[in-house]
Protein chains: 2
Amino acid sequence: MKQTGDLNLVKKINKTIVLHHIRTDSPISRAKIAEITGLTKATVSSLVNELIESSLAQEIGAGESSGGRKPMMLLFNGTAGYAIGVDLGVHDMLAVLTDLTGKVIREKRIQHYNESVEQVTNLLKETIRALIETAPQSVYGVIGIGLGVPGIVDEEGNLLFAPNLGWENVSLQSELEAEFGLPVVIDNEANAGAVGEKQFGAGKDTANLIYVSIGMGIGAGIIIKNELYRGATGFSGEIGHISIQHDGPKCRCGSLGCWELYASEHALLEQAGRELGHEVDLESLLTKAESGDAGVIQLFERLGYYLGVGVVNIINGYNPEFIILGGRLAGGEKWLMKPLLELLKKRSLPHPRKQLKVEFSELGDRSTVLGAASFAVTKFFASTTVSVDRS
Amino acid sequence: MKQTGDLNLVKKINKTIVLHHIRTDSPISRAKIAEITGLTKATVSSLVNELIESSLAQEIGAGESSGGRKPMMLLFNGTAGYAIGVDLGVHDMLAVLTDLTGKVIREKRIQHYNESVEQVTNLLKETIRALIETAPQSVYGVIGIGLGVPGIVDEEGNLLFAPNLGWENVSLQSELEAEFGLPVVIDNEANAGAVGEKQFGAGKDTANLIYVSIGMGIGAGIIIKNELYRGATGFSGEIGHISIQHDGPKCRCGSLGCWELYASEHALLEQAGRELGHEVDLESLLTKAESGDAGVIQLFERLGYYLGVGVVNIINGYNPEFIILGGRLAGGEKWLMKPLLELLKKRSLPHPRKQLKVEFSELGDRSTVLGAASFAVTKFFASTTVSVDRS
DNA sequence: GAAAGTTTGTAAATTCATTAAACAAACTTA
DNA sequence: TAAGTTTGTTTAATGAATTTACAAACTTTC
């Protein structure tokens, strides 16, 4: 109920709609946009010309005629600007430079040993600066920076709590904005991953999906009606701390029997270590399973079971159409999927389950970084063409 | 991305905003509305006059001057029309006639023995008809019917599945619309309850709340940013079937260890029956606890513990500001609340917990019926002044 | 190959809700 | 009583969309 309506709003709405179609349905003609949207040809023409003026759209020549004058086809100009996306991990960071369509232009992977907040943020700044410097010449230049982090972020972009990094109350957004003079968006890595999958991955055609990020812990990004749902106060999706055993072992969050104690990468490694009598890493477990080690395969299958237990809870609680499982554990898909699907079949309610798909990510470890870059692009368009949020 | 912008949209937006302020901040003057909204006095004046024309607002005389001409105070005209709300329970129904502000004009409580779908719907129709006939004369008459039902409802108002009623695939909405020629809205009783609490109960000032309805089963209505969240396909909130013990007893939903097996009214009665050696009802248990029966009190405390387990899951998964516990179990608040709060304190994550409140409903068994009536009112306004939904 | 019909995109005139500016009425304060 | 304030209306201007008309560029048909 904040935003009132005026002519400016109308124009922004329509311009956003027109741009949206040029971005997603291209190549497309003015006439076709008019037909799809219900706007008149005159209106579309005027808005398209403004978009061309501002370099966001371009004409690429005549298309096929269907019995009359040939249409002039329009394309979104993805190279009018560039965005930075970063996936800040516990021991590494993945950073990309993308164009406005999300196409990766350059990519950097850096290891770090998580020495101190200052050292890591310095490394982060260096990485970002290096990418900015490689950006091609363009109308708008680098338009912003998006960041996915393994922790809880508030609406002002402060990283409130990142247990696995050991960080607390870091004003990352304002620090980066001051450093680069660019708009910065920061969000939880699972949220960024969900957006990445929605925009570029298996979730492209789904309005409601949940991305479950399985790493040291378990997090989830929830997309409802094509929009990221952030919960009440901006930090939601701590789904790893839903208890699946009310009197189970104690979790560092204070609760007992949390899902991530059973179904995370960390849980797998710990269990494997106990059974094998020595420390192991995920890669060696995958190799062993591949070579037919029955004990290790059983470990994966057990993990698949526990993954399923939590996924059933998600289904019953959130009722999504599509669940995408991401994180490095995706490598064990072969052994995880069967027990997981069996459990779902047995345990989830019939009605919500009907149209549900469960898959492992096809973007691999890039969902988060792509989602992060897409945050920056979205913010850029919001500031120029803007669809105003109403409630 | 469906709705395009035009002058009509602008007017609808602004008219809705103006009406909103007249509904919530009344008595209020035109000048004050202009000041709050940022609209010009001319615009507000014009819109207010149209609202008066259509009987939704009225002038009630001059207010206090603050150093100039006295303002003409405006009031929402709650008696321009009336709405019907019904809470269809398993063995009873509660139906009300309210005015457009939600004030209850008349109320009917009917027992039924759930004989057959036809018999119960006939009783439902009779009850509604009786209430419609008692509606006072008004400009718009009875503007619609809202219904809360103990089951899963799709977007077309079909009751897909109501285990405790034993109903399946009943086209209630179309049947009632045909019968009365009025708009009908049907939703899950927990969703209706959540809206009721949000509009008229303890949740009035909270944008994000969850209403947990504890009855034979457990359901939840989720309100995010002042709007009901219905999940992907329209039926969410089956939160009673989130498992709190992955290898627990089998639930009729197919899963194991569902929350409602531990924390529902049904669970309490069953447990009590086992321990006491004979069947009991909730009233007698409350009486016994009141008179100091240690065994029964312990039963309630144990239930409080299990309620807490599920509430922690809700907190970690949805991150609401306010959790309202409703249903007949509210009578045991005295013994339930302490173990519940203790558990929350121990087990929920520090960040989400910060600004959280947990309370029992103050509307008692009326949250659902009031929410249902409010559905009808909302639909009425959506069809006349309409704030257009965009995505 | 000419005539007829289609499709695309632009141009001109019209519509209409908002804004801005001016103002009259009603009231308080000095 | 005069000066200043506040309220709410009136009038003119703004600007984005629509409607209608039309020219240009095609395809189809005879």
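These questions and answers cover a predicted model and its DNA strand C. In this predicted model, local features need pLDDT of at least 70, side-chain atom pairs count only at pLDDT 80 or more, and totals for chains, interfaces and linings use all residues. Residues are numbered from 1 along each chain as its sequence is written, chains are lettered from A and ligands numbered from 1 in the order in which they are written, and side-chain values use heavy atoms, with hydrogens and water left out.

User: How many residues surround DNA strand C?
Analyst: A residue is near the strand if one of its heavy atoms lies within 4 Å of it. The closest include A:Arg69 and B:Asn14. The surrounding residues number 26.

User: Which side chain has an N or O atom 2.5 Å from a base oxygen of DNA strand C?
Analyst: A polar contact here is a pair of N or O atoms within 3.5 Å. B:Arg69 uses a backbone N or O atom, 3.2 Å from a base nitrogen. The side chain at 2.5 Å from a base oxygen belongs to A:Arg69.

User: How is α1(A) oriented relative to α3(A)?
Analyst: Helices are DSSP runs (H or I, at least four residues), numbered from the N terminus. Axes are lines fitted to C-alpha atoms over the stretch in contact, with angles from 0 to 180 degrees between N-to-C directions. These two axes come within 10 Å and cross at roughly 75°. Angles of 65 to 115 degrees count as roughly perpendicular, so α1(A) to α3(A) is roughly perpendicular.

Note on methods:
A polar contact is a pair of N or O atoms within 3.5 Å; within protein, one must be able to donate a hydrogen and the other to accept it, and residues adjacent in sequence count only if both atoms are side-chain atoms. Angles under 35 degrees count as roughly parallel, over 145 as roughly antiparallel, 65 to 115 as roughly perpendicular and the rest as oblique.
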